[in-house]
Structures are given as C-alpha cells and as structure tokens.
Amino acid sequence: MQVINKKIIVIFICLSIFIFGICKLFDKEKVVLDDVKLDINNSKDNLAIYIEKYDESGNASYVESDNNEFPTDDYVYNKNLSGCLDSNSNEVSDALNYNYVSKEINLKVNKPVTCYVYYDYKGEGTETIPYKIRSIEDLLDLSLNTIKGNNHTNEYFKLTRDLDFRDSNSYNDSERTDYGELNGIDDDGNKLMNELTTGTGWVPIGTSNNNFYGIFDGNNKRIDNLYLKKSSAGLFLVINNATIKNLTLSGDIKMTSGNGGGFVSTTFGNSIIDNCHNEVNVTSLANSGSTGGIIGGTGGTEGAKLIIKNSSNKGNISGSNNTGGIIGAHATDLTIENSHNEGIITNSLGQHAGGLLGRDNG
C-alpha cells in the first residue's frame with residue numbers, strides 16, 4: 001500500500017503541476033489586446049511571438065522570442081509580417097503591422113493569439129553568405145554606411161529581387177520620413193520615395209574620401225528608375241578595388257559637373273565590371289568631366305587595372321567632352337571585352353567621343 005500511495009502522490013503532484021501550467025498558459029492567453037502597441041525592444045506584454053528565421057541554405061526554424069525582443073538592426077522584412085493564429089489555429093487577419101520609424105510591432109486583436117514574425121536572414125558579408133539587398137532601404141543603408149566611413153572592404157552584397165525607385169513595393173515603407181532630407185528640398189515632407197526621385201535624387205554609394213571596396217552582385221536582377229541630378233553621379237560614386245556584376249540599371253542621370261555614369265562615376269584600383277547592362281540616360285550639363293554609359297572615368301592610380309566585360313549600354317549618353325557608351329575616359333590599364341554599345345552618343349564640343357570609349361588617357 002505504501003508503494004501505491006507513493007505512486008498516487010507522485011501522479012497527483014505531476015497532475016497539479018500540469019494543471020497549474022495549463023491554467024497559467026490559459027490565463028496568459030486570455031489577455032485581450034486591442035490597439036496595443038508592443039515596443040519590441042522593451043516589451044513586457046504577455047504574448048507568444050515566434051521568429052521564423054531562414055539560414056543561408058533556406059532552412060526555416062522557429063525560435064520563441066525572448067521578452068518580445070527582436071533584432072531590428074540585423075533583420076528586416078516587409079510591413080505585413082506573417083500574421084497571428086488564434087487558439088483554433090485560424091488566421092487573425094491584419095493583426096500585426098511593423099512601424100519602421102519607431103521600430104515597434106503594432107497589434108490589433110480581440111482574442112488570444114500566437115503570432116509568427118518572419119525575419120529574413122540578412123547575411124554575413126562573406127562570399128558564401130553575402131549581405132542581402134532586399135529593399136530600397138537596404139540599398140540606401142549601404143550608401144549611408146559607406147559615406148560614414150565603412151568601406152566594406154572585401155564584403156559581399158547580393159540583390160535578392162528587382163527594385164524600382166518609383167514603386168512603393170520596392171520599399172519597406174515608401175512614405176517613411178526618418179531618413180530625413182536627402183534631395184536638397186527642405187520643405188517637401190521628407191517622404192522617402194519622393195526624396196529619392198525628385199530634387200537631387202539618389203545618394204550614390206561611396207565618396208571621394210570613402211570609396212566602396214566591396215563586391216556587389218546584382219544576381220541578374222534590375223534596379224529601375226534610378227534618378228540623379230547632381231555633380232559626379234552614378235549608382236556608385238567612387239569604387240576602389242571593387243567588383244560590380246550581374247546587374248541591369250534604368251533611369252535618368254544629369255550631372256552638373258564632374259564625371260558621370262549609370263553604374264559608377266569614378267573608379268580606382270583593380271576594379272571589375274562584369275555582366276552589367278546600362279539603360280540609364282546619362283547627360284552632362286557642364287563643359288567638363290567625363291560621361292559614360294557604365295563608368296564616367298577612372299582615377300590615375302599607378303598600375304591600376306580596370307576590367308569591363310560582358311556588358312552593354314542602351315542608354316543615350318550626352319556629354320560635353322570625353323563621352324563613351326561604356327566609359328567616358330580612362331587613365332589606367334583598361335580592358336573591355338565582349339561588350340557593346342547600342343545607345344546614341346552625343347558630344348557637344350565635338351571631340352573625344354566613341355561607342356565604347358570616349359578618350360584614352362592611359
């Protein structure tokens with residue numbers, strides 16, 4: 001009898017713990033949330049939230065969030081997130097919304113829910129696990145980080161989808177204002193898509209002091225409606241010992257001075273352009289500088305080698321001097337192979353113009 005009693009006592013204790021746990025869980029899930037704003041960096045709300053995270057091989061894993069804290073600086077997704085399920089596993093529509101400005105998840109539900117939040121694996125910057133460019137914001141962050149002094153030496157970036165500067169679906173939030181004034185117009189409200197498509201437009205990647213030293217793989221995707229009107233213009237301003245490959249660009253660039261090209265304004269070092277196709281119309285508004293479909297010009301780094309291969313230009317290229325369909329002018333060891341021009345080349349001063357190369361200074 002003693003053995004039986006001990007077993008009964010053990011079973012009773014286990015059942016008590018189990019029932020107590022169920023009650024606590026039920027009590028936790030009974031919390032009614034209505035227009036609740038969860039600060040995901042410092043939340044004390046009792047809500048089961050799971051991060052659905054993909055590794056570099058595309059394998060999914062679910063990890064329960066710790067105190068509802070989310071890695072907002074390292075993981076970004078879209079404004080719809082994944083959604084919530086009620087206790088009967090039915091989807092609760094429009095329950096979750098992510099605010100990119102305040103970095104908060106906004107919840108609006110009137111029943112117990114379990115929410116699943118999808119965060120795309122951003123990458124590690126290596127050749128096998130490159131950083132992903134999945135939105136205009138990702139591209140802009142790359143530019144602003146480079147301007148601040150991160151040259152991204154030997155870091156790898158990969159475009160994961162087509163982007164269009166004039167399509168709100170290419171942004172996490174095309175109307176966000178937290179990037180501030182970018183286009184030289186102080187009183188236009190600072191909405192992001194407007195900032196990048198009016199005024200001076202896009203903020204090129206790299207500066208004369210902080211060149212881009214990384215590897216950018218366009219992954220055979222497109223970036224459309226690139227727009228700039230400023231001095232020394234291009235998707236990239238200055239690259240150095242860098243590689244840009246597998247990308248097509250369209251848009252409109254106007255330079256008020258300096259060099260300009262659809263992809264790069266100026267290159268230095270042993271840089272490589274491979275399988276890049278320009279559909280950007282590039283126009284110089286000044287009587288100086290070099291203008292090209294892919295590259296404006298090169299810096300005079302001694303011993304530097306620039307390779308442009310498997311590339312093309314379809315944009316109309318209009319310069320005052322040193323104008324070419326692929327590159328305006330160069331002062332380095334230049335190789336152009338398996339590349340061609342289909343665009344109209346116009347030179348207002350009538351000198352130093354060509355279908356592939358405007359002027360050879362090497």
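1. Let's start in the loop between β11 (163-164) and α3 (192-197), where you'll find N190. Helices (H or I, at least four residues) and strands (E, at least two) are DSSP runs, numbered from the N terminus. N190 isn't a glycine, yet its phi is positive, about 65°. Most residues other than glycine have a negative phi.

2. A quick word on what you're looking at: this is a predicted model, in which local features need pLDDT of at least 70 and side-chain atom pairs count only at pLDDT 80 or more, while totals for chains, interfaces and linings use all residues. Residues are numbered from 1 along each chain as its sequence is written, and side-chain values use heavy atoms, with hydrogens and water left out.

3. N225 also has a positive phi, about 60°, without being a glycine. This one sits in strand β12 (residues 215-230). N225 counts as partly exposed because its relative accessibility is 28%; buried means under 20% relative accessible area, exposed over 50%, and partly exposed in between (1.4 Å probe, protein chains only).

4. Now have a look at E195, in helix α3. E195 is buried but has no salt bridge, and K230, the nearest side chain of opposite charge, is 9.5 Å away. For the terms: Lys and Arg count as positive and Asp and Glu as negative, with His and the chain ends not counted, and a salt bridge is a side-chain nitrogen of Lys or Arg within 4 Å of a carboxyl oxygen of Asp or Glu.

5. So what does the side chain of E195 have beside it? A polar atom of that side chain lies 2.6 Å from the backbone nitrogen of L182. L182 is in the loop between β11 and α3, and L182 counts as buried because its relative accessibility is 16%. The C-alpha atoms of L182 and E195 are 5.8 Å apart, although 13 residues separate the two in sequence.

6. Leaving out neighbours within four places in sequence, E195 is in contact (heavy atoms within 4.5 Å) with residues including N190, L182 and D188.

7. Beyond four places in sequence, F165 touches residues including W202 and N225.

Conventions:
A polar contact is a pair of N or O atoms within 3.5 Å; within protein, one must be able to donate a hydrogen and the other to accept it, and residues adjacent in sequence count only if both atoms are side-chain atoms.
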